Amino acid sequence: MSGIPRELHGRVAVVTGASRGIGKGIALELGAAGATVYVTGRSATAGRLPGTVHDTAAEIDALGGQGVPFVCDHRDDDAVHRLFERVRAEHGRLDVLVNNVYNSPAAARWLGKPFWEVPPSAWDETFDVGVRSHYAASFYAAPLLIGSGGLVVNVSSPGARRYMHNAVYGVAKTALDRLTADMANELADTEVTVVSLWPGIVDTELLQLVPADAEGRRLVTLPGEGTFDLGAAETPRFPGRAVVALAADPRRRARTGMAWRVADLADQYGFTDVDGRVPRND
């Protein structure tokens, strides 16, 4: 079974950083479930990597939802504020906020590097777009989410619990999961659910640049972590199906404040990736 509930008609969602990658996969699945999805990102025109907010919005429309592109740099608080004021003006509600925006190409420069080779500027890049940006979006979205008893999903990583990539990455993901727990605590008297979501290795447009070897395998080696076959990776739509399952679950508040692996949610809700697998590769 695909496991995609068709229960989100009339719901309104915002997915940050949805021009491509995990954010795009989540936005598409929300759209396929019938939601109106505001798609944010800086990409108004295609660059080295394919994908723009307009492309994602058009694909959402084709899947039966309504895609709304919103060009936005999430380091600009005024722009983020305008986003949620537009949602308020056009719908008066917000049911799902997915905080996903992250500068993956910048972060890729420092994969596997010890901290003494990762400059302080990398700390700023990671925390500004990846932690602070999630806080800012949640701040501006909170009144709408409280009104609807909505869902906040912070896209995080198992790097919050164990070593992955480098020290800066791990500290940022740990901070994000702490943000999830504390936001949930402060929202305890409301109906809002806040969770962290842990995808595994996701075959994004960035990883699709990894060439195949002589045997046709696309292998990526992460120093200190091992070599991974991208043929076993999950698609960006797999975490999207997790978000849809959470959004459609009337008992989701039992999960608030915690981090959830996408594969574990697949087992519990009964969804699969687009090819029928439940990838386990984190």
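These legends describe close-up views of a predicted model. Local features need pLDDT of at least 70, side-chain atom pairs count only at pLDDT 80 or more, and totals for chains, interfaces and linings use all residues. Residues are numbered from 1 along each chain as its sequence is written, and side-chain values use heavy atoms, with hydrogens and water left out.

**View A. Strand 6 and its burial.** Strands (E, at least two residues) and helices (H or I, at least four) are DSSP runs, numbered from the N terminus. Six of the six residues of strand 6 (residues 193–198) are buried, so the strand is largely enclosed by the rest of the structure. Buried means under 20% relative accessible area, exposed over 50%, partly exposed in between (1.4 Å probe, protein chains only). Thr193, Val195 and Leu197 point one way; Val194, Ser196 and Trp198 point the other.

**View B. Parallel neighbours of strand 6.** Strands pair if DSSP finds at least two bridges between them. Strand 5 (residues 151–155) pairs with strand 6 in the parallel sense over five bridges. Asn154 stands opposite Ser196. Strand 9 (residues 259–261) also pairs with strand 6 in the parallel sense, over three bridges. There, Trp260 is the bridge partner of Leu197.

**View C. Phe238 and Phe271.** Ring centres lie 5.6 Å apart and planes at 65°, so the pair is edge-to-face. Rings of Phe, Tyr and Trp (its six-membered ring) pair if their centres lie within 6.5 Å; planes under 30 degrees apart count as stacked, over 60 as edge-to-face and the rest as tilted. Both residues are buried.
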